[in-house]
Amino acid sequence: MSWVAAQIRRVQTDDPTLPELDLSFMVHTERVMLRDGTHDLASALKSNTKLKELFLGGNGIDARGASALAAALAVNTSVRKLSLSSNPIGDEGAAALAAMLRVNTTLAHLFLASSGLSDAGVAALASALTVNGTLQTLMLDGNRIGRAGAFALATSLHANTTLTALMLGDTYIDVEGAHALLDAIRVNPTLDQLRSEAPHMIQTYLLLVLQCSSNLIMLM
């Protein structure tokens with residue numbers, strides 16, 4: 001049995017000594033096994049009650065794998081942190097995760113950096129944030145997020161009252177998108193960490209928020 005298979009087996013048996021599972025950036029052979037075994041892992045998550053943190057970054061997990069994991073987390077009540085960064089889940093995978101966020105009441109931290117998302121995928125996630133009441137951290141660094149994505153996130157920030165950290169480094173948000181985010185942050189009661197490394201002077205615009213919220217920490 002491979003190491004990855006052994007870890008999935010531990011999830012299946014609800015191993016109480018496994019509160020955290022880091023399978024990020026596995027070597028090629030193990031990465032292929034994990035990619036092909038994502039559905040087995042997802043199936044195990046449906047009944048697992050001990051695992052709290054799951055890191056799956058950089059393993060070639062696609063939209064189908066992300067959808068399987070999302071379906072599992074729709075019923076799982078223990079996982080609080082999930083990383084799918086550097087996996088090609090795309091907008092389809094993001095939409096599946098968004099549907100999960102609408103019903104999940106446990107997940108607090110979701111990392112989707114460099115995951116092939118565009119404005120459409122971000123809009124789906126943003127829409128879910130208007131009803132989700134548990135997510136605190138959303139990492140979207142390195143995705144193809146432009147003005148439309150920024151507008152969608154801004155709309156969600158007018159309604160969301162749980163998100164405390166939003167990561168938007170290395171994106172394509174322009175001045176208009178930055179201004180929309182600025183307006184939303186002014187009225188959002190919880191967001192206190194924002195990372196922005198996008199071009200087109202977004203940092204200049206978002207720094208203005210310091211005049212409105214002394215609690216906001218700019219991460220650049």
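A residue counts as buried under 20% relative accessible area, as exposed over 50%, and as partly exposed in between, with a 1.4 Å probe and protein chains only. The model is predicted: local features need pLDDT of at least 70, side-chain atom pairs count only at pLDDT 80 or more, and totals for chains, interfaces and linings use all residues. Residues are numbered from 1 along each chain as its sequence is written, and side-chain values use heavy atoms, leaving out hydrogens and water.

**Exercise 1.** State what share of the protein chain counts as buried.

*Solution.* The chain has 220 residues, and 54% of them count as buried.

**Exercise 2.** Determine whether Phe 55 is buried or exposed, and describe its surroundings.

*Solution.* Phe 55 lies in strand E2, residues 53–55 (strands are DSSP runs of E, at least two residues; helices are runs of H or I, at least four; both are numbered from the N terminus). Its relative accessibility is 17%, so Phe 55 is buried. Leaving aside residues up to four places away in sequence, Phe 55 touches Glu 20, Leu 21, Asp 22, Leu 23, Ser 24, Lys 81 and Ser 83 (contact means heavy atoms within 4.5 Å). The C-alpha atoms of Phe 55 and Leu 82 are 5.8 Å apart, although 27 residues separate them along the chain.

**Exercise 3.** Classify the arrangement of helices H6 and H7.

*Solution.* The axes of H6 (residues 119–129) and H7 (residues 147–159) come within 8 Å and cross at roughly 5 degrees. H6 is therefore roughly parallel to H7 (angles under 35 degrees count as roughly parallel; they run from 0 to 180 degrees between N-to-C directions, with axes fitted to C-alpha atoms over the stretch in contact). Residues making the contact include Val 122 and Ala 126 of H6 and Ala 152 and Leu 153 of H7.

How values were computed: Angles under 35 degrees count as roughly parallel, over 145 as roughly antiparallel, 65 to 115 as roughly perpendicular and the rest as oblique.
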